[in-house]
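Reader: I'm new to this one. Could you walk me through how to read it?

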Amino acid sequence: MVGALLTVLTLSVLQLGLALHIRNTIQDAAAEGARYGALADHTPADGIHRTRDLIRLAIGGDYAHDVTVGSGSWMGHSAVTITVRTRLPLVGLVGIDGAMEVSGHAAIETLG
């Protein structure tokens, strides 16, 4: 009985670690995509492509479907915002689609 309890506890901790790894990877990809799209010689749409490429390379294309871009003001500065909505893994990589949402922001670079 103790062995079964320890097994469930161990698997739960591993699942939490996997979910946090996926969240952190997607968060980093969104932030990097926003920085890339905010450069003076790029467009915000370039940030979407960069974000999708980073997610595909790191954890797979299934997590890179719903990536959107917006521009506006963030903390008083004009900024590009990349938002990723993806699956929250609950059992292994199986989970609820669209349950996890992260955003990355970057100030828009200007020339001169």
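Reader: Which residue in the turn between β1 and β2 has a positive phi?

Author: First, some ground rules. This is a predicted model, where local features need pLDDT of at least 70 and side-chain atom pairs count only at pLDDT 80 or more, while totals for chains, interfaces and linings use all residues. Residues are numbered from 1 along each chain as its sequence is written, and side-chain values use heavy atoms, leaving out hydrogens and water. Strands are DSSP runs of E, at least two residues, and helices are runs of H or I, at least four, all numbered from the N terminus. Two strands pair if DSSP finds at least two bridges between them. Here, β1 (residues 66–74) and β2 (residues 77–91) pair antiparallel over nine bridges. They make a hairpin with two residues between them, and Met75 in that turn has a positive phi of about 55°.

Reader: Where does β2 go next, and which strand does it pair with?

Author: β2 pairs with β3 (residues 94–107), again antiparallel, over 11 bridges. Thr81 stands opposite His105 in β3. In this hairpin's turn, Gly92 has a positive phi of about 65°.

Reader: How do I check the span of α1?

Author: Expect 1.5 Å times one less than the number of residues. The 36 residues of α1 should span 52 Å, and its end C-alpha atoms are 52 Å apart, which agrees.

Reader: Is Val2 buried or exposed?

Author: Buried means under 20% relative accessible area, exposed over 50%, and partly exposed in between (1.4 Å probe, protein chains only). Val2, in α1, is exposed at 59%. Buried residues of α1 include Ile22 and Ile26.
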